[in-house]
Amino acid sequence: MIARLRKQHQGFVEMTLATAVLVLVVAGSSAISANAQQPAAPRPATSRFVQPEPINFDDHVGWTQIFDGKSLAGWDGPSDVWSYEDGAIVGKSSPEHPSGTTNIIWQGGEPANFVLKLEMKLEGTGANGGVQYRSHLHPPTLRTPPADATEEVKKRMMDGQALAQRHAKWNMTGYQADFDYNNRYTGQLYEQDTPRGIVAWRGQVVATEPGKKPTLLGTLGSSDELKSFIKPDEWNQVEIIADGNTLTHIINGHVMSILVDTDPAYSQAKGLIALEIEGGGVLKISHRNIWLKTLP
C-alpha cells in the first residue's frame, strides 16, 4: 500500500514537472513570437562610416557678416549704380542710365583663404554680374575701335570707354565667380581684365601651370545639367571657397567649377572682394546675406 502511494506520488510529481516545462516552452515560444513582431530597438551608431550633415545656409557660427542688411556701410561703389534696397545691395542699369562694367567693393580687407556665401538674384535678360575675389584695382583697358567698325559700333565702344573712365576708381582685375541672367556663363571661373578670360568653364575641374595652357583634369557634370539647378529671376545661394591654389564655385548646393591655379603669372593669394554689374537693357542685380568665414 505504501509502496503504491509512493509510486503514484512520484508519477504526479513527474507529470507536474512535465506540465511546467511545457508551459514554460509555450510561454517562451509566445514571447519569442511577440518579440519577432516588434521592431528591434535601434542600436547606437558605432560605425565611423556615416553620412555628413546637409549644409545649413543659415548657420552663421564662425562667420562674419560683411553686409549689415540695412545700409551700404563698409562698401564703396558708384552711387549712380549701386544702392541699398529691401535688405539687399542692388545694382541697376538702363539705356537711359547705363552702368557699364563696374563694381561695389567691400572695404574690410583683402582675404586670402576663406569661404564666402551670399544670395544673388538677376532680373533683366541682359543682366551680367558676378563676385570678384582675390582681386585688385586696375586702370580700365581702353581699346581702339577696329578700322572697319561701323559708326554704331564705334559709338558704342566710345560710350563704354567713357563710362569705364568715369568709374575707373572701381575698375578691377582678378578672379570672378560669374553669374548671368541667361545662365550661359553662370558658375564658371572668369578672370576679369586679364588675357586668360574664362579659365574654368561650368562643369570643369581645371589646373594651370607656368608656361602651359590650362589642363582639364575632370568634369563635374554637363554644363546643361548644372544649368538646370540655377534659378532665373529668383534668389540663388552662391558659395566661393578659396583655399590655397584651389578655387571652388558652388550654386544652390551644386559644384559648378574648380580651378587649381599654380601659374604664378596670374594666380593671386589674396585680394579684394567686390560685386560686379554689366550688361545692356534694363537690368537689376541684387545681393543679400553676405557672410565670410576665414580659413587657415
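User: Which side chain meets that of aspartate 159 in a salt bridge?

Analyst: A salt bridge is a side-chain nitrogen of Lys or Arg within 4 Å of a carboxyl oxygen of Asp or Glu. Here the partner of aspartate 159 is lysine 155, with an N to O distance of 2.8 Å. Before going further, note that this is a predicted model, in which local features need pLDDT of at least 70 and side-chain atom pairs count only at pLDDT 80 or more, whereas totals for chains, interfaces and linings use all residues. Residues are numbered from 1 along each chain as its sequence is written, and side-chain values use heavy atoms, with hydrogens and water left out.

User: Is aspartate 159 buried, partly exposed or exposed?

Analyst: Relative accessible area decides the class: buried is under 20%, exposed is over 50%, and partly exposed is in between (1.4 Å probe, protein chains only). Aspartate 159 is partly exposed at 39%, while lysine 155 is exposed at 54%. Of the 296 residues in the protein chain, 37% are buried.

User: How many salt bridges does a search of the whole structure find?

Analyst: The search finds 11. One of the pairs is aspartate 80 with arginine 166, at 3.3 Å from N to O. That pair links distant parts of the chain, 86 residues apart: aspartate 80 is in the loop between strand S2 (75-76) and strand S3 (82-85), and arginine 166 is in helix H2 (residues 151-166). Aspartate 80 is partly exposed, at a relative accessible area of 46%, and arginine 166 is exposed, at 52%.

User: Which residue forms a salt bridge with arginine 196?

Analyst: Glutamate 191 does, with the closest N and O atoms 2.7 Å apart. Both arginine 196 and glutamate 191 are buried. Salt bridges can also join into a network, as they do for Glu85, Lys92 and Lys284.

User: What is the volume of the largest pocket, and which residues lie nearest its centre?

Analyst: On a 1 Å grid over the protein atoms alone, a pocket is an open set of points with protein on both sides within 12 Å along at least five of seven lines, and lining residues have an atom within 4 Å of a point. A volume is the space filled by probe spheres set on the points, which are joined across faces, edges and corners. The largest pocket has a volume of about 910 Å³. Its lining comprises 28 residues, with Gly100, Thr101, Arg143, Gly160 and Glu278 nearest the centre. Two or more lining residues come from each of H2, strand S8 (172-180) and strand S9 (189-192), and H2 gives the most, with 9.

User: Which residues does glycine 124 touch beyond four places away in sequence?

Analyst: Contact means heavy atoms within 4.5 Å. Glycine 124 sits in the loop between strand S6 (114-123) and strand S7 (128-137) and touches Tyr181, Val282 and Leu283. The C-alpha atoms of glycine 124 and glycine 281 are separated by 7.5 Å, although these residues are 157 apart along the chain. Among contacts between residues at least 6 apart in sequence, 70% join residues at least 24 apart.

Note on methods. Helices (H or I, at least four residues) and strands (E, at least two) are DSSP runs, numbered from the N terminus. On a 1 Å grid over the protein atoms alone, a cavity is a set of points where a 1.4 Å probe fits but cannot get out, and a pocket is an open set with protein on both sides within 12 Å along at least five of seven lines; lining residues have an atom within 4 Å of a point.
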